Amino acid sequence: MEQGRISDGQVAYLLYVTVIATSILIMPSIAGQQAGRDFWLSAIIAAVFGFWGIFIALSLNKLYPGLHPFEMFEQLLGSYLGKLLGIVYLFFFLHANALFIRQYAEFVITVFLPKTPVPAIIGLMAAVCALAVRGGIEVLARTAQLFLPISLIVWFGLLLITIPDWEFQNILPILEFGALPSLKGGFLLQTWYGEFIMLAFLIPFLSSGKHIKKYSLWALVGVIITFVLISFSSLLIFGIETTNFIYPFFEVIRYINVGSFFENIDALPLAFWILTIYLKISVFHYAMVYGTAHLLKLSDYRSLSLPLSLLLAATGLWIVPNTQKLIDFFSSVSPTYFTCFNTLLPSIVLLAAWIQRKVKG
Amino acid sequence: MAYVDGLTNTEELDENVLRSLMSIDPKEAEEWIQADEHQERFIPISSSGPVNNWQDGLLHLSGGHALLLVQDKGFFLSVTRFETRQIVEPETEPVIRGPKDGFIESMRINTALLRRKIRTPRLKMKTLQIGRLTATSVTIVYIQDLADPKVIQTVWDRLQQIDIDGVLESSYLEEFIEDHPYSPFPQVKPSERVDVVASSLLQGRIAIVTDNTPVVLTLPITLPSLLQSPEDYYERYTFSTAVRWLRIALFICSITLPSLYISIMTFHQEMIPTQLLNSIASAREAIPFPTLIEVLIMEAAFESLREAGIRLPKQVGFAVTIVGALVIGEAAVSAGIISSPIVIVVAFTGIASFTVPRFAAGLPIRLLRFPLTVISGIFGLVGMMIGLIVLCIHLCSIKSFGVNYMSPFAPIRTGDFKDVIVRAPWWKMNQRPSTVHGNPNRQPVSKPSADRKE
């Protein structure tokens with residue numbers, strides 16, 4: 001169904017951007033609610049879940065080489081149950097992606113366009129993602145290679161400017177209340193680290209896949225470094241205050257002031273954030289569109305892209321009433337919810353697949 | 001004997017054909033006519049041959065050949081001479097340092113110019129006729145073992161499929177052979193410079209030389225290669241690299257600057273330093289229009305001036321440009337129709353778009369600036385970013401004869417960066433662009449002055 005093939009390196013780009021796009025803004029404040037000033041430790045601890053996600057995806061691929069997860073489900077559970085699990089995942093993609101697109105819209109309204117109605121913002125993004133997915137996985141991967149370096153250069157260039165304001169005392173005391181709070185914070189963060197399971201949905205489109213292990217681990221390392229840097233920049237500037245902000249990274253950039261002419265430039269780096277969130281929504285949208293076409297046994301998935309993006313936009317409008325509810329969802333419901341689909345279910349599938357192999361010999 | 005006056009070299013006809021025909025003695029002539037083959041050997045003309053029917057004969061006549069009819073037999077004699085233009089430096093692509101020869105309207109001379117630069121016998125040329133009425137000769141030129149045979153075959157097939165009345169310029173062919181005919185971006189590179197085409201051939205690309213036009217097409221191309229100027233390779237590499245960066249920056253400016261100005265002025269005034277904001281605000285105080293309308297007016301005025309400047313005769317054109325730029329601009333500002341910052345922004349954008357070395361690459365940018373401006377006026381920076389994403393999706397999805405248009409940036413090919421992000425010195429360029437498939441990747445280079453003491 002998909003003619004395009006992507007390289008191992010391109011998968012690393014897609015994975016990295018999928019994980020950081022939504023998390024980079026709110027990561028310190030979410031983890032900070034539990035971990036206090038040790039949220040940067042949580043960012044490192046939670047990487048275990050990222051590693052686990054990669055492990056599951058690669059092991060499943062070893063058991064069923066080159067198969068799409070939906071095909072694995074059917075081989076493992078039989079036609080009906082397998083399809084049912086596939087449908088469950090489709091709804092998960094739709095719901096999760098609706099959350100992301102809503103998060104994007106809420107953020108845009110806060111920062112850029114306070115008076116613009118939400119449907120316009122969501123509709124525009126959904127249309128763009130529909131266009132990208134229509135282009136196929138290759139186009140998606142290429143835009144990732146084009147956009148990610150630009151965004152990273154802009155962000156880290158700006159973080160460099162804040163270095164003179166870093167107060168290293170803010171880190172101390174480390175582990176004030178023992179290790180438990182950082183572990184709890186880490187559990188909240190695995191919402192995003194768990195998204196490394198998307199690797200399983202990208203592996204079928206690899207051209208060679210020889211170095212996929214290496215590259216996906218590089219993506220994980222990249223995510224850890226990014227999280228730690230983001231955590232440090234806000235922690236070293238604001239200290240424990242960080243946990244009170246909704247968007248700490250945004251506050252850090254707002255803090256920049258060079259010679260009283262290079263100031264209030266917060267909108268510019270956040271405009272570059274749109275490039276990454278577009279990639280994340282497109283990756284999930286692609287997974288949903290491809291999965292739907294697969295379940296319906298269509299010969300081509302491209303024609304589904306636009307109609308399903310309408311569904312995505314509608315779900316995005318309906319899903320939460322306001323930003324506060326969205327943040328509530330991310331800090332209370334989403335850890336268990338995302339764990340269920342990103343880590344728990346794939347683990348069970350892997351286990352079942354192993355047992356089936358053992359029994360069958 | 002028949003020939004078309006003006007297409008035929010009559011001197012040569014007198015000298016070589018008539019003289020030998022007159023000096024022939026009747027006995028030999030009889031023998032000559034009776035002979036079955038090689039009759040043309042009696043006439044000292046390098047290219048001649050038999051003609052079997054009127055259809056052929058007429059084609060030869062209109063191609064500038066002379067027809068010699070003896071009893072029931074016919075021969076064509078190639079004594080063509082077209083009046084051609086001098087080989088001069090192409091006005092559209094001037095350089096300061098570098099060869100000054102450009103292509104002219106005759107295909108034969110153009111291919112000869114290429115052959116003079118690249119003497120290897122591996123330089124191959126294949127010719128075909130396109131156009132029902134014009135029967136224009138078209139030659140594809142490539143270096144064997146460097147150019148991808150698949151691309152050569154594709155181009156050849158697509159050229160053969162063309163069915164059209166006439167081909168007056170190579171752009172006719174361009175539109176027929178592109179991969180994405182609806183894209184605003186050019187997928188082949190037109191050039192009038194011999195050295196540009198020769199260097200493309202050396203990289204393993206293919207050239208299409210069309211008769212009656214000085215514009216030669218090369219393919220496949222990438223967007224970054226359109227930002228390269230021949231002079232980059234003739235000046236010192238440090239300077240060329242810096243100029244290349246400047247050009248990339250200006251290229252991005254030429255797309256985004258007006259939209260950036262609109263979004264910041266409309267939605268993010270806080271980003272502008274206070275004093276500057278004050279002066280801009282006071283300049284804008286008397287203007288009744290929103291920024292978007294102002295920019296659109298100014299852009300439209302700028303494009304009209306540019307168009308007028310190109311179409312009019314040179315002397316008048318200068319006058320229009322001066323009147324337009326100075327008088328109208330100044331008057332519009334003082335009349336309170338547009339504000340002076342807009343003039344600066346639009347003028348700078350215009351200058352930036354002139355720095356794109358390939359005229360054809362500048363055109364889609366000029367065009368796409370308008371939708372981007374409008375969406376920025378509505379959605380601010382978000383709109384601008386969305387517009388750019390759409391543009392990039394398009395750029396990432398098109399290919400020029402199997403080569404990704406945004407290569408080496410997407411997909412990333414770090415090996416090719418040395419001729420895109422920087423212009424590496426010649427002794428470092430030991431690889432041909434990997435994007436042009438099918439060629440042996442190594443290009444032998446020696447070390448710089450191997451005998452020098454470190």
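View 1. Buried means under 20% relative accessible area, exposed over 50%, and partly exposed in between, with a 1.4 Å probe and protein chains only. Neighbours within four places in sequence aside, B:Thr210 is in contact with B:Met107, B:Thr136, B:Ser137, B:Val138, B:Val167, B:Ser170 and B:Leu173, where contact means heavy atoms within 4.5 Å. This is a predicted model: local features need pLDDT of at least 70, side-chain atom pairs count only at pLDDT 80 or more, and totals for chains, interfaces and linings use all residues. Residues are numbered from 1 along each chain as its sequence is written, chains are lettered from A and ligands numbered from 1 in the order in which they are written, and side-chain values use heavy atoms, with hydrogens and water left out.

**View 2. Residues around A:Met125.** Not counting residues up to four places away in sequence, A:Met125 touches A:Ile101, A:Tyr104, A:Ile274, A:Ile277, A:Tyr278 and A:Ile281, and also B:Ile386 of the other chain.

**View 3. The interface of chain B and chain A.** The size of an interface is often given as the accessible area lost when the parts come together. Between chain B and chain A about 2,600 Å² is buried, and carbon and sulfur atoms give 80% of this area; the value is the accessible area (1.4 Å probe) that the two parts lose on being put together, summed over both. Three residue pairs, both residues at pLDDT 80 or more, are in polar contact between the chains. On the side of chain B that touches chain A, the elements giving two or more residues are α9 (237-267) and α14 (359-397) of chain B. Of these, α14(B) gives the most, with twelve residues. A polar contact is a pair of N or O atoms within 3.5 Å; within protein, one must be able to donate a hydrogen and the other to accept it, and residues adjacent in sequence count only if both atoms are side-chain atoms.

**View 4. Two cis peptide bonds in chain B.** Most residues other than glycine have a negative phi, and most peptide bonds are trans. The bond from B:Leu219 to B:Pro220 is cis, with omega near -5°, and B:Pro220 is placed in the loop between β8 (216-219) and α8 (223-226) of chain B. The bond from B:Ser407 to B:Pro408 is also cis, with omega near 5°. B:Pro408 is in the segment after β10 (403-404) of chain B.

**View 5. Positive phi at B:Ala135 and B:Asp145.** B:Ala135 is not a glycine, yet its phi is positive, about 45°. The loop that holds B:Ala135 runs between β4 (123-130) and β5 (136-143) of chain B, and B:Ala135 is partly exposed at 34% relative accessibility.

Technical notes: Helix = DSSP H or I, 4+ residues; strand = E, 2+ residues; numbered from the N terminus.
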